[in-house]
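Please have a look at the sequence and the model before I go on.

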Amino acid sequence: MNLEAIFNAVIVQPIELEETTYGNIVVPDLGNEKNKTAKVISVGPGVLSYDGTLLPTVLKPGDVVVLPTMAFTKFEYKGIEYLIGRENDILAKINENE
């Protein structure tokens, strides 16, 4: 992949939620106030602390995370939508194997 996160940035790909259907009627989620889930694509190495030591990132590619409703920037690359933001803005990591 040509996209590479720097510092404490995280590049994620949103996981699309299934649309709700009632019979043959598809009900779109127009007022999507829910937090999104996403798969981590790339993480930066970390950020420097005030004393000059590197604070490494804790996420890794492949992790599934919960994003805030705001704070991430939409970015399209080669026809695929990504979201880019800081690691410390991510709300939670979902451990699916437990």
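R86 forms a salt bridge with D89, and the closest nitrogen and oxygen atoms of the two are 3.2 Å apart. Please keep in mind as I speak that this is a predicted model. R86 counts as partly exposed, because its relative accessibility is 45%.

How many salt bridges does the count come to? The count comes to 3, and having described the pair R86 and D89, I turn to K60, D63 and K93, which are linked in a network of salt bridges.

D63 sits in the loop between strand 6, residues 54-56, and strand 7, residues 64-66. Is D63 buried or exposed? D63 counts as buried, because its relative accessibility is 8%, and the cut-off for that term is under 20%. The side chain of D63 meets that of K60 in a salt bridge, at 3.2 Å from N to O, and the D63 side chain also reaches the backbone nitrogen of K60, at 3.0 Å. K60 itself, with a relative accessibility of 46%, counts as partly exposed.

The other salt bridge of D63 is with K93, where the side chains meet at 3.8 Å, again N to O. K93 lies in strand 10 whereas D63 is in the loop between strand 6 and strand 7, so this pair ties together parts of the chain that are 30 residues apart in sequence. K93 has a relative accessible area of 38% and is therefore partly exposed. If we set aside residues up to four places away in sequence, D63 touches A38, K39 and V40 as well as K93.

Let me go through some of the pairings. Strand 10 pairs with strand 7 in the antiparallel sense over 3 bridges, and here V66 stands opposite A92 of strand 10. Strand 7 also pairs with strand 4, again antiparallel and over 3 bridges, and K39 has V64 of strand 7 as its bridge partner. Strand 4 in turn pairs with strand 1 in the antiparallel sense, over 5 bridges, with V10 standing opposite V43 of strand 4.

Why is strand 4 described as largely enclosed by the rest of the structure? Of its 7 residues, 37-43, 5 are buried, and that is why the description applies.

As general background for the interior, in soluble globular proteins nonpolar side chains tend to be buried together. In this model, the largest nonpolar core has 11 residues in all, namely V10, V12, A38, V40, V43, L59, V65, L67, F72, L83 and I90. Strand 1 and strand 4 each supply at least two residues of this core, and strand 4 gives the most to it, with 3 residues. Apart from this core lies another, of 6 residues, among them L3, A5, I11 and Y82.

Finally, a word on the segment before strand 1, residues 9-14, which is where E4 has its place. E4 counts as exposed, because its relative accessibility is 66%. Leaving aside its neighbours within four places in sequence, E4 is in contact with I11 and S42, and I11 is one of the residues of the 6-residue core I mentioned. Between E4 and S42 there are 6.0 Å in space, C-alpha to C-alpha, although the two are 38 residues apart in sequence.

Key:
Residues are numbered from 1 along each chain as its sequence is written. This is a predicted model: local features need pLDDT of at least 70, side-chain atom pairs count only at pLDDT 80 or more; totals for chains, interfaces and linings use all residues. Side-chain values use heavy atoms; hydrogens and water are left out. Helices (H or I, at least four residues) and strands (E, at least two) are DSSP runs, numbered from the N terminus. Buried means under 20% relative accessible area, exposed over 50%, partly exposed in between (1.4 Å probe, protein chains only). A polar contact is a pair of N or O atoms within 3.5 Å; within protein, one must be able to donate a hydrogen and the other to accept it, and residues adjacent in sequence count only if both atoms are side-chain atoms. Contact means heavy atoms within 4.5 Å. Two strands pair if DSSP finds at least two bridges between them. A salt bridge is a side-chain nitrogen of Lys or Arg within 4 Å of a carboxyl oxygen of Asp or Glu. A nonpolar core is a set of buried Ala, Val, Leu, Ile, Met, Phe, Trp, Tyr and Cys residues joined through side-chain atoms within 4.5 Å.
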